[in-house]
Structures are given as structure tokens and as C-alpha cells.
Amino acid sequence: MVASLNWPVAWPVDATLVAFLCVLGGNVASFLNVVAHRAPRGISVVRGGSACPACGSPVRWHDNVPVFGWILLGGRCRDCGSPIAWRYPVVEAVGMLIGAVVAGELFAGGRTWPPGRFGTGRIGADVLLMQPDWPLLLVCLAHAALLFTVLAWALFETDDARVQPRWFLGACLGLGALSVIGGGPTTPGGWPAMREAALGAGVAGLVGLAVGRRTLRQALVLAGLVLGWQGLAGAALLMLLVAGGRAGLGLARGGPFVLRLSCADLLGALAVQVLVWRWWPAIGLVAWCMLRGDHEGG
Ligand SMILES: [Zn+2]
């Protein structure tokens, strides 16, 4: 029997931990902003704190708070008054959302994933604090690492910066090791996880063949390594739906039908996928019944 707090106490604990993970996510994204700015220029991402690109003044810690720092400064450098690109707070807000998504799957005890390995433990942050579920934490850590890596890839892609082969290799090794040690939603760590990761990367390679762009192909392989082929298939379908919808809108406005996929699309699809994974069979069944109904009605 796992001890848990009564709800009047549990509620604030949950809220505090979700807020903590959101702020943490915002800080990671803030760091990725720096990486995306410096790495293609060959500047060290570790040495030297954040500085204003215009005047070089160091950014004070209280101005570096994700999103809110930018709002409080009115989008301008405190020292020279030059505008700070709106991309910075937007990327930080995306990082906070990633924090919220991971908090969601973590505190739901894996109930958003296909049943099998998780989903029988109790829900809530207090339970995890008092009796940590290490396998669950490892899977969530792998998902967080994947989402932030794809966010970084999306920034490189937006800047038309090339992802160096050694960065890609490093990401493959790091994420691959994490998912093989921790396993997946239905696969325990070790050999089964290794087979799952290899299959996922293989399917990702096949999906990637249909996608012309190199950075997205690489991001797909990373996603396959962490989520396995089923998780990747769901995310790829979501990504196609979003891009297809956008292309349809373009067509409706009188433009050409352009199906253009990006790492940002994949990031959104992955974030949704880890939260709706369990319900894919139900979604598929509903879609099939609707199509059948249409067919019989027409
Ligand atoms: Zn400045």
C-alpha cells in the first residue's frame, strides 16, 4: 500500500511540482536559444554567460527568467535598449509547455501510454515523491530529452544552420542509451528495449525517405529510437495531419497545395503523441466507423 496525502495537501504539492517542471523547461529552452545562436558560429556554449548580442552587456539573472524577463524588460536590452527578438520568449514558452507535457505523463503514472508496463500505480506528485517509480521517471526523462533535442533541431532548421554529423551521432548515442536503459511504455529496459529502439529507428528511416529535408529526417530517427515504431507511427500520422491541414488551408486561399513538414511540426506531434498514445485504437475505431457510416450513407 502506497501512502498518499489527502487531497487538500496533495493539490498544492501537485501544482508546485508542475510549476517547477514548467520553469525548468523554460530554462532549458532558454539555454537552447543560446546553443542555437552560438553553436553554428563556433562559439562555446558552456563558457561565458548570456550577453546582449548588440552591446555585449551580460544579462542579469533576474532578467533571464523565462518569458517573464522579456515581458518585464518590454522586449528591450536593459543597457542599450536594442530590441530582443520575440523568438526568445516564444521558445522559452514552448520549453515551459514541454515541461507541462512531461509533468502530465509523469503524474498520470503512465496512464497516457498503451497499457502494459505502467498505468497501475497511483496518480499524483505526492506518491512519486514518497515512493519514486524509477522506471517511470526514466521513461519520462527520455521523453523530455527527446522533446528538447527536437526543439533544438527545430531552431537549427529555422536558422538554416546545418546540424553537424557529430551532434547527430551524439544525440543518437545519448537518447539511444537512455531509452535502452529505461525501456519504453510497454518494453522493459535491456534487450527488448534495444530491439524496440532499433525497429523504431528503422521505421523512422523509412518515413524519413519520404521527407526530403535532412534535419527532419534526423529528428525522426531520434524519435524512433526513443518511442519505438508504434510511438513514431502515431507521431508521424499527427504530423501529416497538421501539415495536410495547413496545405489544405493554403489551397482554400487560392494558393498551391504545398505539403511542407518541419521539425516544429514533429515537436508538436510528439508532445501530443505522448499524451494521447493510449487512445489511438479508440481514435482509429471512431474514424473507421465514421468513414463506414459516410460510405453507407452516401
Ligand atoms: Zn544591449
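The protein chain has 10 helices and 0 strands. This is a predicted model.

**Overall form**

- Along its principal axes, the C-alpha trace spans about 65 × 60 × 40 Å.
- Of the 298 residues, 36% are buried.
- Take the contacts between residues at least 6 apart in sequence: 70% of them join residues at least 24 apart.

**Helix α3**

- Helix α3 covers residues 87–107, which is 21 residues.
- From first C-alpha to last, α3 reaches 30 Å, close to the 30 Å expected at 1.5 Å a residue.
- Helix α3 is mostly covered, with 15 of its 21 residues buried.
- Glycine 109 follows α3 and has a positive phi, near 65°.

**Helix α5**

- Helix α5 covers residues 134–158, which is 25 residues.
- The span of α5 from first C-alpha to last is 36 Å, close to the 36 Å expected at 1.5 Å a residue.
- Helix α5 is mostly covered too: 18 of its 25 residues count as buried.
- Aspartate 160 follows α5, and its phi is positive, near 60°.

Notes
Residues numbered from 1 in each chain as written. Predicted model: local features only at pLDDT ≥ 70, side-chain atom pairs only at ≥ 80, totals over all residues. Helix = DSSP H or I, 4+ residues; strand = E, 2+ residues; numbered from the N terminus. Expected span 1.5 Å × (residues − 1). Buried ≥ 20, exposed ≤ 12 C-beta atoms within 10 Å, placed from the backbone. Contact = placed C-beta atoms within 7 Å.
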